[in-house]
Amino acid sequence: MPHAGVLLTPAVEAGLVERARSLPDTDWHIPRLYDFAAELGASTLAARYSRYVVDLNRPADDKPLYASATTGLFPATLFDGTPLFRAGLEPSSAERARTLEQIWTPYHRVLAAELERLRDEFGYAMLFDAHSIASRVPRLFDGRLADFNLGSNDGASCAPALAMQLQQVCAGASGYSQVLNGRFKGGYITRHYGGPADNIHAIQLELAQCTYMDEAPPTLTVRKRPNPSARCCASCCRACCSGAGRTTSARPRHTAQRHRLRAPRPYRPWRCCRARGGRVRARQRRSSSIRQQKADGPP
């Protein structure tokens, strides 16, 4: 979740134009929308600093990812193309170098290490890059954005079968539109870390914000859950957990002494509850039997 942060460095905060102080280009409420991830056993990494400080989904060399209009590593404009900073108050080169070292680099160091850990333990890793954006941004795309925008870098960042499975999940959400590798094909994170040949699959989901929140400022309020958009996000993540393992024949690099490590099963609340209940009832029966034996005395 690289664009969910709202913190500002003093240098950035001091220079922002008045309109930018409400952070209008933030991926609002994404950590809240994906709060089910812990139930899946998934690791999560959410940015704390705003993309106005540094864009964690851009390469360190700031090489453009799209031929069309976009924003860079250190944004100079809002999404609509108007200046982000007041004249003469942009962060200095030295300030930007510190930001790259102290914010961008640690974030990617943690992300790379976690992907490597997961791949070593399970034989593969699945990266789900969660984003959202206003449904209408004329400078970035024409008309209204599709509701669910999946990006796999034109099939290079994850197995095609997995991308198709996620597209089918999104297509199953009645009344919502979806597209694979449309306007948003995946940013730096998806493109850089996704490598099916290395058993790391990455896919980006860019949600139109109107699917789960009221876009009009200054409210920017999230709608009450459950809603179809939130359910679709959960279904996509569950599909990632189960589908990525079927796209690779790799075995874990490390195995326990007694038990071979296996990839996690898809999260099924009913199965977990039934198994947990069975264990509780078994313990109750054993406890009841022991109490009865104590009451009866030795045989």
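Let's start with the lining of the largest cavity: 19 residues form it, and nearest its centre lie His3, Arg51, Arg58, Phe184 and Glu206. This is a predicted model, so local features need pLDDT of at least 70 and side-chain atom pairs count only at pLDDT 80 or more, while totals for chains, interfaces and linings use all residues. Residues are numbered from 1 along each chain as its sequence is written, and side-chain values use heavy atoms, with hydrogens and water left out.

A word on terms. On a 1 Å grid over the protein atoms alone, a cavity is a set of points where a 1.4 Å probe fits but cannot get out; a pocket is an open set with protein on both sides within 12 Å along at least five of seven lines; and a lining residue has an atom within 4 Å of a point. Grid points are joined across faces, edges and corners, and a volume is the space filled by probe spheres set on the points.

Back to our cavity. Its volume is about 200 Å³. Strands β1 (125-133) and β4 (200-208) are the elements that give two or more residues to this lining, and β1 gives the most, with 3 residues. Helices (H or I, at least four residues) and strands (E, at least two) are DSSP runs, numbered from the N terminus.

How many cavities of 30 Å³ or more are there? The count is 2.

Arg119 is buried but has no salt bridge. Buried means under 20% relative accessible area with a 1.4 Å probe, protein chains only, and a salt bridge needs a side-chain nitrogen of Lys or Arg within 4 Å of a carboxyl oxygen of Asp or Glu. Which side chain of opposite charge is nearest to Arg119? That is Asp120, 4.4 Å away. The Arg119 side chain does reach the backbone oxygen of Asp198, at 3.0 Å.

The largest has a volume of about 740 Å³, and of its 31 lining residues, Ala42, Ser43, Leu118, Met126 and Phe128 are closest to the centre. Here α3 gives the most, with 8 residues. The second largest pocket, at about 450 Å³, is lined by 20 residues, with Arg19, Pro24, Asp25, Ala134 and Pro217 nearest its centre.

Terms used
Buried means under 20% relative accessible area, exposed over 50%, partly exposed in between (1.4 Å probe, protein chains only). Lys and Arg count as positive and Asp and Glu as negative; His and the chain ends are not counted. A polar contact is a pair of N or O atoms within 3.5 Å; within protein, one must be able to donate a hydrogen and the other to accept it, and residues adjacent in sequence count only if both atoms are side-chain atoms.
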